[in-house]
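Subject: A structure for you to look through

Hello,

Here is the structure I promised to pass on. Please open it beside this email and follow along.

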Amino acid sequence: MKISSPMEAWKYLPGTNCKECGEKTCLAFASLLLERKKKLEECPLLFEPKYAEKGKKLAEMLAPEVREVEVGIGDKAIKIGGEDIMHRHELTFFNRTALAYDVWDTMKEEELRERVREITNWRKFYVGEFLGVDAIAVRSVSGEAKTFAQCVKRVAEETDLPLVLCSFDTKQVEQGLKEVSDRNPLIYAATEDNWKAFLELAMRYEVPVTLFSADLDMLNTLAVTFSSAGVTNIVLDPGTYPTGKGLEETFSRFIRIRRAGIVDGNKGIAYPLMSVPMTAWLVNGNETGAKAENTLETSYWEAILADLFILKYADIMILHSIEPHSLIPERTLVANIYTDPRRPVSVEPGLREVGTPTAGESPLFVTTNFALTYYTVESDLASNKIDSYLMVVDGEGMGVESAVAGGQLNAETMKDALESFDVERKVKHKIMVIPGLAARLSGETEDVTGWTVLVGPRDSGRIPGWMENNWPPETFS
Ligand code: SF4
């Protein structure tokens, strides 16, 4: 039985409210357990003989449907899998798809190091956070164990990102592992031909392992064989065919595996999934990636494949193109899918300064604390060098239009914001500019706050034009 409410989890806790877990009550702890914000280990009583049986049951009932696998170490380690649902709106996805970009062992040393640095340092600011990439996949192209090991060593010297060691030859993988086994890399990939040697490697070095087969029965058999031998940090690659019928069948395999794990409760195949969109280069480039023609079409197609499998249901993927037109949509889609739909992405309400505003002259704009709205307005003001104040009203994480409709943005909440952010102390002219989408609040807001209200544009991108016609207001002259 899967636990779905805090009350159900609470029944298995000691119930002493001893606070040793840092929470005031066992019920509060139970609620955080379900959110995965607390771990069972944080309740020490559960490991005493008196409660151990209940603790064991609780652990089983809280375990995610899809096994969670960790790759890498330290604060760069990634968790993949660990999901409980098929569709995001049913609860939330917990671990976002990890994006691993490739390097290969026939690259010249300087070229290799440069690409690793580029992948490691890639950043894109988006809705209040810097997006980055998650891992580096080191591919064997030379076919030589020594060359592969040297490449792995150089990559490890340049990055602290988790690594995926890619070769079907266990001798090569082992030489690579000798360089980085203490970094908990993911090894790739065991097949029906080489699985014994891979199983041995995974056991000896205690690292997560990818199993590869486009035949789902074979994949299931491999997974059961590995888990029976005690290797449960497993990732499944059911093959990514980049075009045509093969692509259609690939898509179907991903859905069937995830459905079997979550809906049918088939634990034998409930592991994180790997997709390899860089197979797009097998069609349009040469298979090494090293000298592939970096055609726009191919990198676009790779991005389309990536986006398809970010949606359904890749937990980790190996990609080649690091051009912005591939990387940005891939990483942005991951950021959008893997937010918690129960909580709008929001920023702290408050009074912000954009540029260097002056108390008696600079405009005071109003917006809500939905992160996308806030960062759009803030960026439109900053990029147009409009020195101003920005009052961010608590709209419970909603955008302006929804907050007006839902009553979270109204004359009273604007009055509360003016008072709690002590706006009058900073802004001396008592004129506020509300968003055009909140125009109908202008009269009431003037009555309730005693401030003069100007109605700004509906779209913050039009603020510069609005400023030309409306600011400074006539009352200033
Ligand atoms: S440590 Fe355990 S028993 Fe104590 S309050 Fe937390 S959950 Fe309850």
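Below is what was found in it, starting with the overall layout.

This is a predicted model, in which local features need pLDDT of at least 70 and side-chain atom pairs count only at pLDDT 80 or more, while totals for chains, interfaces and linings use all residues. Residues are numbered from 1 along each chain as its sequence is written.

**Domains**

The domain assignment (bounds from an automatic or database assignment) gives domain 1 (6-62), domain 2 (68-337) and domain 3 (350-476). The centres of domain 1 and domain 3, taken over C-alpha atoms, are separated by 45 Å.

**Cores**

A nonpolar core is a set of buried Ala, Val, Leu, Ile, Met, Phe, Trp, Tyr and Cys residues joined through C-beta atoms within 7 Å. Buried means that 20 or more other C-beta atoms lie within 10 Å of a residue's own, exposed means 12 or fewer, and partly exposed is in between, with C-beta atoms placed from the backbone. The largest core has 81 residues, and those touching the most other members are Ala100, Ile136, Val138, Val164, Ile187, Leu211 and Met317. Helix H5 (residues 145-158) gives the largest share of this core, 7 residues. A second, separate core of 32 residues includes Val354, Leu390, Met414 and Ala438.

Helices (H or I, at least four residues) and strands (E, at least two) are DSSP runs, numbered from the N terminus.

**Helix H8**

Which residues are buried in H8? They are Leu219, Leu222, Ala223 and Phe226. Seen down the axis of H8, the buried residues fall within an arc of 100° (taken from the directions from the axis to the C-beta atoms), so they line one face of the helix. These buried residues pack against strand S8 (186-190), helix H7 (195-205), strand S9 (209-212) and strand S10 (234-237); contact here means C-beta atoms, placed from the backbone, within 7 Å. On the other side of H8, Asp217 and Ser228 are exposed. Just after H8, Gly230 has a positive phi of about 95°.

**Paired strands**

Two strands pair if DSSP finds at least two bridges between them. Strand S14 (residues 364-368) runs parallel to strand S16 (residues 431-434), joined by 2 bridges, and Phe365 stands opposite Val433 in S16. S16 also pairs in the parallel sense with strand S17 (residues 452-455), over 4 bridges. There, Ile434 stands opposite Val455 in S17.

Happy exploring!

How values were computed: Contact = placed C-beta atoms within 7 Å.
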